[in-house]
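The notes below are meant for a colleague who is opening this entry without having seen it before. Please keep the sequence and the model side by side while reading the numbered points.

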Amino acid sequence: MSFAIEVPGEAVPLSPQQVYLALQSAGSSHQLQIQTGTQQLQAWETQRGYYTLLQAVYLDKSLPSEVRYLAIIQLKNGIDKYWRKAAINALTKEEKAEIRSHLIQGGLDEPNPNLALQNALVVSKVVRVEYPLEWPDVLTNLIKVLREAHQSSQLHLRRGMTILLQVVKELSTARLRASQTSLQSVTPEIVFLLHEIYTEKVAFWMGLLNGNGDDEGGPMDAMENSLFALKILRRLLIVGYEYPNHSNDVQQFWELSQHQFGQFLEMVTHDPPVLVSPAKDLVEKHLAQFSKLHVQMSGIHPAAFALLPSSLDLVRAYWGLAAKFGDFYGSETQNFSAKALQQDDTKDKRPVMEKLCLKGLTLLRACIKMVFSPAQSFKYRTTEVKAEQQEGVALIKSQLFTDELVTQIASVIVAKFFIFRQADLTAWEEEQDEWEIREEGGGDGWEFEVRPCAEKLFMDLVLNFKQLLFDSLLAFFQSAAKSDESSVVTKDAVYTAMGLAAPIIFQSFDFNAFLASTLVNDVQQRGPGCKVLRRRIAILIGQWVPIAVSAQNRILVYQMFLHILNPEDEINDYVVRVTAARQLKNVVDDMLFAVEDFELFAANTLSRLIDLVQEVENTDTKMAILDTIRVIALRMEQRVDSFADQIVSVTPTLWESSGEEHMLKQSILTLISTLVTAMGEKSQRYNALVLPFIQGAVAPGSEMQIYLLEEALDLWSTILAQAPQPASTEVLALAESVFPLLEIGSDSLRVVLNIVESYVFLAPQAMLGDSIRPRLMGCMENLLGTKKRELAGQVTTIVENMIRGAAEFGGDSGVTLIARDLHDCGYTEKILMGLHDAWEAHQTTGPGRRYPKLDDVVETDYFTILARFALSDPNVLMTTLGSVGPPDDVWRWLSTEWFRHFDSMANIDHQKLSCLALTRLLELPPPMTPIILERLQDYFAMWTSVITEMMTGRDDLGDNLVWQVSELTPSEGESPEDFRKRVHGYKDPVHSTHTYAFVKGVLSKLITACGGEEQFQREYAANVDKDVLEGFQKLGTQVNHDPQAFWQA
């Protein structure tokens, strides 16, 4: 027995033997060895020579293939990390050159196809970075390899094409123009060579298959090589040419592809079969490559597609193929018995005809897009190219989409492709959840299934050929409405078309009569397959309700949905009820929705939806049903109160059962938020249940915070908006959770600040308490100066409202307390420093002039805070100024900047606030009085400007910003928070104080304090500019129609 001593990875020297041993350990089946080997490989990642040794291990064919495979994988991963020059610990130029020198030959000589594929991927990643600048000859070298191997070595040919395929794949995704141009420059040579190889290999294996040779192994090798060549050619014809139709090589191969498409299709569909697997499988893969070429050319180079030889015949042939396949696709005699469903053995098979039919339908969609929705491009196009593209569009429109063909396509789609297959019904029974989700569709799912693709194509035809199809569709639907003999699957197909065509036939087709006479009977039918019909009726009504269902028929619609949602009816299986639940959202979320009509059915409908959401297991389906319930709650508004208990009662169970499915939790929170908004104050009864959800979702460091923070904050904000005063203990306790959110900041900071503001309105005394106030002011200081204007405004508003609350509930001592908190946390110091910088900047002129760090909006915010202090208690403001310097010195530069900034205050409310605040400072006793009166001229100019603004447009000479109200009562539909904000606004001195009267009162007291009018005139007013004083004195004349001093009026 031997013992191995494990040492730290970095202690092992880098050598070929050690690299081999580490790879061997990393690929073992023992966990400890895997961990040790992996750690060692990671430790070597940044060491010089490591990746050269990995390549050496791969190239050594005497080593086990598992070790070689792990070595090439490690090399591939390392290239992703360290090959680019800008990467940290990037490979050296010498090591790159050494690795490059073995890449191509190391792939050509590799007999193992899996290892060869990984080496090809390595080559492609290197080429993506280094072609054409650092490795300009890589493609020419590959061309040389293919030429030499074409006749001499089939292994080298296969491996060379494997490398070239991966290189072309990688370069086809390049966005740099240099890479695209370089690839296009070498494409003609590659296409010529591959065309030659492909033609020769196809001729060889077709000859053998037709009995013209005796090489048994030859056909398979030749077919594999021709398939590789075809894969490369398909990509190069798309990405290697700016205008593919200009190339003779492309035109020749395009014609060849159409000719061989017909040949190969005959070979794989011949009855009796002439091919068996694996030869048949390889021929089908050739067909798949051709169809991809045709579809990609039509989508990426639409004009070229239209102008390439025989393209219109190609599209017609595809449609002929699709129409022929339609004869076998759907059947009007579906067997709904359990035995038939169990015996169906085609559900897991997708025959080649189905795949080609899907490509044909996709090709038709691309042709319609060429004509009616051409892709817009900013790329420069010459006049000749524009004319050529217009010619292509005209060709498609006039020669392809004839009236006969369009009508035929629409007819076949409805009659054949809209009908359920036996495989569809089997999947419905066996995989109900997955089947319902797949049929619900959305996104790009139509690209992979025939019926969804046919639906998209039908919609394209209906929208773009509405005049042509209108009469035939209308007649078709009217005849179907009168017929009672159609089978279930036929009716399903007709109703599918009727739903898709609703936007163009609604004005002429009487859907309301059809609903009352036909659908109401169809939805009550019983028997095999009737569940198919019920599902389709739910979808059909969901499509028509927003368009043409009358208000009188809404009650009938609600009754039908209640019937379809009934779980006691065995026909209403899982799929039927889930589909109805999804479609009910469209029915309810409509402009003509009337709460009074739906209220009769709300209790039973919601009960069945709630039972269903607990029955389903898929998270996306649960979310869809919850969204329907949410829309119902939203549309019912206050009347949802009667049914809210049954909705909310299920949320704890859903929350617990959701586990790590956080998206479901998001839906739950959104639903509760909608209920709270709709119910208003009545929603408070759910706080004990809901608040823990919020608490858990906003908890710092929790996983739920990552996924649920946005929804939880919205719900929290909604609850506060609807909360009555006084706030409940539970709601107040949650306020503590706001501080971590303020401290860490996030993309949701705006909502967090809204929540803080809501708390200030809801419970101002609690927010002013010693446990919250200092911490909140500290958070506001941290957010002061944020670059986002909206957030900066929110911070200012919160501090403003806190100051107002302190004045209202604590008087002068309350204001002093909050001023001290703002000083202690550095808030006021930041404000004064910013304003001082602005003052200094405005003292500069000429070439040395500099601009302040604050913009005008932020400076207005800063002065707003100082104004609130001054308006509440002037002494508090002076104390604050004294904290940064002598009050008289600070006042001199601050008042200069304040009055200078006055005209920059865009909001008249802010101008009035500053006017009232500055006026209150005149109440200060000496020694501040004479210092403040140094700015008397500025005062006179300010008063004249603001008072004039307040009186402008009024005959009663009142104040434009004073809101007159006799009694404040909540308005109908007004939330409690909106009412609180309205009351708060009425109490604001800006909206309750008459500017004229306020200034007059303060100025009169000031004159008395200065020793009377004569002394005031001699010592202070005499220093004011005559024009300013005259403008100011005219205010008295304006009020009393009597020439006298303003303060005497």
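Which side chain meets that of Asp-837 in a salt bridge? The first point takes this up, after a word on the basis of the note. This is a predicted model, in which local features need pLDDT of at least 70 and side-chain atom pairs count only at pLDDT 80 or more, while totals for chains, interfaces and linings use all residues. Residues are numbered from 1 along each chain as its sequence is written, and side-chain values use heavy atoms, with hydrogens and water left out.

1. The partner of Asp-837 is Arg-850, and the two side chains meet in a salt bridge at 3.0 Å, N to O. This pair links distant parts of the chain, with Asp-837 in helix α42 (residues 827–842) and Arg-850 in the loop between α42 and α43 (856–872), 13 residues apart. A salt bridge here is a side-chain nitrogen of Lys or Arg within 4 Å of a carboxyl oxygen of Asp or Glu, and helices are DSSP runs (H or I, at least four residues), numbered from the N terminus. Asp-837 counts as buried at 11% relative accessibility, whereas Arg-850 is partly exposed, with a relative accessible area of 30%. In these terms, buried means under 20% relative accessible area, exposed means over 50%, and partly exposed lies in between (1.4 Å probe, protein chains only).

2. A search of the whole structure finds 55 salt bridges, one of which is formed by Asp-569 with Arg-534, where the closest N and O atoms are 2.9 Å apart. Asp-569 lies in the loop between α27 (554–564) and α28 (574–588) and Arg-534 in helix α26 (residues 530–548), so the pair ties together parts that are 35 residues apart in sequence. Both Asp-569 and Arg-534 are buried.

3. Another salt bridge is made by the side chains of Asp-590 and Arg-554, which meet at 2.8 Å, N to O. Here too the pair links distant parts of the chain, since Asp-590 is in the loop between α28 and α29 (595–615) while Arg-554 is in helix α27, 36 residues apart. Asp-590 counts as buried at 8% relative accessibility, and Arg-554 is buried with a relative accessible area of 1%.

4. Salt bridges also link several residues in a network, whose members are Glu-354, Arg-421, Asp-424, Glu-439, Arg-451 and Arg-535.

5. On the surface, Asp-620, Glu-660, Glu-661 and Glu-703 gather in a patch of negative charge. Such a patch is made of residues with over 30% relative accessible area and no salt bridge, like charges being joined within 9 Å. Among these residues, Glu-661 is found in the loop between α32 (651–658) and α33 (662–679), and Glu-661 is partly exposed, with a relative accessible area of 39%.

6. Two cis peptide bonds deserve a look in the backbone. One joins Tyr-131 and Pro-132, with omega about 10°, and Pro-132 has its place in the loop between α6 (113–130) and α7 (138–152). Another runs from Ser-277 to Pro-278, with omega near 5°, and Pro-278 is in the loop between α11 (248–269) and α12 (279–300).

7. Positive phi values are a further point to check. Asn-89, although not a glycine, has a positive phi of about 60°; Asn-89 is found in the loop between α4 (65–82) and α5 (93–108) and counts as partly exposed at 45% relative accessibility. Glu-637, also a residue other than glycine, has phi near 55°; the place of Glu-637 is in the loop between α30 (619–636) and α31 (641–648), and Glu-637 is partly exposed, with a relative accessible area of 45%.

8. Gly-805 lies in helix α41 (residues 789–824) and is buried, with a relative accessible area of 8%. Between Gly-805 and Phe-761 there are 44 residues of separation in sequence and 8.9 Å in space, C-alpha to C-alpha.

9. As for annotation, UniProt places the feature "domain: Importin N-terminal" at residues 37–109, in an unreviewed entry. The end C-alpha atoms of residues 37–109 lie 28 Å apart, and the span is 71% helix and 0% strand.

Methods
UniProt positions are given in the numbering used here, feature names are shortened, and annotations may be inferred rather than shown by experiment. Helices (H or I, at least four residues) and strands (E, at least two) are DSSP runs, numbered from the N terminus. Patches are made of residues with over 30% relative accessible area and no salt bridge: like charges are joined within 9 Å, nonpolar side chains (Val, Leu, Ile, Met, Phe, Trp, Tyr) within 5 Å. Accessible areas come from the Shrake-Rupley method with a 1.4 Å probe; for residues, only the protein chains shown count as cover. Lys and Arg count as positive and Asp and Glu as negative; His and the chain ends are not counted. The place of a charge is taken as NZ of Lys, CZ of Arg, CG of Asp or CD of Glu.
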